[in-house]
Amino acid sequence: MNKTLKLSVADIKIIFRDPSLKSFVFLPILLFALIIWGVPPLVEKYDLLTPYLSLFLVVAVIENTQMFCFISTMALIDEKETDIAKVYGVVPLTKTEYIFSRFLIPYLFTVLLNVIMFTVQPLFEISFGTGILISCLAALVVPVYVLSINSIAQNRMQGMVYVKAFNMLVLIPITAFFVPENIKHLFSVFPTHWIFQSIENVTMGKDMTLVFGVGLVVFIILIWLTSRLFIKRHFV
Amino acid sequence: MIQVENLNFTYPKNDTSTLKGLNFEIAKEEVFGFLGPSGAGKSTAQKVLYKILRNYQGSVKIKGKNLSEWGKEYFEKIGVGFELPNHYLRLTGKENLDLFASFYQSGERKNLSSLFEMVDLTDAMNKPVETYSKGMKMRLNFIRAIQHNPDILFFDEPTSGLDPVNAYKIKQHILDLKSQGKTIFVTTHSMETADNICDRVAFIVNGKIQATDTPQNLKSDYGKEAVKVELEKGFIKEFPLSKLGENPDFLSFLGQGEVKRIHTLEATLEEVFIKVTGQSLKA
Ligand SMILES: Nc1ncnc2c1ncn2[C@@H]1O[C@H](COP(=O)(O)OP(=O)(O)OP(=O)(O)O)[C@@H](O)[C@H]1O
Ligand SMILES: [Mg+2]
């Protein structure tokens, strides 16, 4: 346990020595500002936006996860390109411990960002507990995203291309908000759909247990699958 | 300590195998070397042994136990000096070593300052690795491999990229490690390194071992057991080594004038390599 914690902390230290990654920390601050001061006057001015209010929250939640998606993706690709990944292949650390320690802080930090988001957003009344639950689910995007890209991208260039593609991919299920109710679950092939639906249900005062539960199972399976793939590719 | 039988390995995307039935063993307190040209499969063989490459065929036993039966505790016992430097460039040399040391059970670790001193990196210890030269990074690789005091060491081209002085020092350190009882497996395409430090070398070409023996035996098997004497006057003559001191021809030849030079006619390891494998090391 001690060694995984040490690696988690070292990981953050390494990231913050890299100026190009450090700057991404400002993304969430921008998001908070938009949600607190940007959205309310906008909705007040344009009435037609009111039905889509929950959409603003959905986008904010998913964008909060994108900071560490990018940072961790790049940190791991860099590690592979510089062959440091090989060193992790020959230390007494299981691959599971390795993955756990690399995602511990990014995960917890992303959860925290969204908990703050749910607390400061002036759009809906959402209980603290529900905010935490949804934040925990949404932050699972980080490991799935990072492990997927790092299993397929061979280098930094390809990594950047996949990052662009994945940024779109996580947003695609917002389309479900614009289609008739009976076909919206067509988007359930996109894992983030279940996060979005959980948020929508909560903002409409509906029960989210089912969609939340499905989302949790989907993400746990995805983490397991992408980890297998990642372990096969990353350390060679 | 290490026993390898009929080891075959094929990279997933390749049609032909890279390692074709390797057999060798390495004893405790032995420096064993793979000498061969680029692409022979030296690094591949080591990667199989330190478990970065899986799905090999054949039998690999470490301390009598099948490689596949070893779990993560295997990595407590081995140290790997990689072929190319691989460090976090933005961390200092010390931070790099501290990070990787943190994964091992504590207590066994060597003193960090003396490690840096050992490879003349004391001044660079607290500087970011991005300010290091290639040779400095390679020396950092070397001390990272040994800092947790492992029993078995893999060094992939330990002297490549080093100037002669530092190469000499690294070779001495490898010999020191041997005298501390370590089992050491090096790869090299430098016949000089092989000759200097290996107790036994295996010639490897195209994934096959062509000969395994002590450098001394290889050289004398393929060279002449004789000395060549050259006098200042220009006379040159060869004499067999056996009973040289009692050889009247030799003694009288020496009496014929000032000796310009005397040398033995054993082959260099490189000449032996070419004779055995039909290939040059530089190919
Ligand atoms: N990841 C890989 N995928 C496919 N083929 C590989 C891979 N790595 C090495 N090879 C091939 O395997 C063969 C042996 O490579 P290896 O790196 O073991 O050689 P080597 O003896 O260490 O050479 P060098 O002296 O240049 O380090 C080469 O033909 C190489 O092209
Ligand atoms: Mg090699």
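Two strands count as paired if DSSP finds at least two bridges between them. Keep that in mind for the first stop. The model on your screen is predicted.

**Stop 1: a sheet in chain B**

Select strand β1, residues 2–9, and strand β4, residues 57–62, both in chain B. They pair in the antiparallel sense, over five bridges. Pick V4(B) and look across into β4(B): its bridge partner is V60(B).

Now widen the selection to the whole sheet. It is an open sheet of four strands, in the order β2-β1-β4-β5, with antiparallel pairing. Which strands stand at the edges? They are β2 (19–26) and β5 (65–66) of chain B. Each has a single partner strand, so one side of each is left without a neighbour in the sheet.

**Stop 2: a hairpin in chain B**

Move along chain B to strand β9, residues 200–205, and strand β10, residues 208–213. These two run antiparallel and are joined by five bridges. V205(B) stands opposite K208(B) in β10(B). Two residues lie between the strands of this hairpin. Click on N206(B): it takes a positive phi near 50°.

**Stop 3: two helices in chain A**

Switch to chain A. Select helix α6, residues 95–120, and helix α7, residues 128–138. Two packed helices are described by the angle between their axes and the distance between the axes. Here the angle is about 145°, and the axes are 8 Å apart. The crossing of α6(A) past α7(A) is right-handed.

Show the side chains where the helices meet:

- From α6(A): V111(A), N114(A), V115(A), F118(A) and T119(A).
- From α7(A): G131(A), I132(A), S135(A), C136(A) and A138(A).

Of the residues in this contact, six are nonpolar, four are polar and none is charged.

**Stop 4: the largest nonpolar core**

Display both chains. The largest nonpolar core has 131 residues. Which residues have the most contacts inside it? Select V141(A), V142(A), I143(B) and I184(B). Then colour helix α4 of chain A, residues 53–81: it gives the most to this core, with 15 residues.

Zoom in on V142(A). Leaving out residues up to four places away in sequence, V142(A) touches T65(A), F68(A), C69(A), S72(A), F103(A), P106(A), Y107(A) and T110(A).

**Stop 5: where the chains meet**

Finish at the contact between the chains. Here 19 residues of chain A are in contact with 21 residues of chain B. On the chain A side, select α1 (2–16) and α5 (84–89), the elements that give two or more residues. This side divides into ten nonpolar, three polar and six charged residues.

Conventions
Residues are numbered from 1 along each chain as its sequence is written. Chains are lettered from A and ligands numbered from 1 in the order in which they are written. This is a predicted model: local features need pLDDT of at least 70, side-chain atom pairs count only at pLDDT 80 or more; totals for chains, interfaces and linings use all residues. A nonpolar core is a set of buried Ala, Val, Leu, Ile, Met, Phe, Trp, Tyr and Cys residues joined through C-beta atoms within 7 Å. A residue is buried if 20 or more other C-beta atoms lie within 10 Å of its own, exposed if 12 or fewer, and partly exposed in between; C-beta atoms are placed from the backbone. Two residues are in contact if their C-beta atoms, placed from the backbone, lie within 7 Å. Axes are lines fitted to C-alpha atoms, for helices over the stretch in contact, and angles run from 0 to 180 degrees between N-to-C directions. A crossing is left-handed if the near helix is turned anticlockwise from the far one by less than a right angle, and right-handed if clockwise. Ala, Val, Leu, Ile, Met, Phe, Trp, Tyr, Cys and Pro count as nonpolar, Asp, Glu, Lys and Arg as charged, and the others, Gly among them, as polar.
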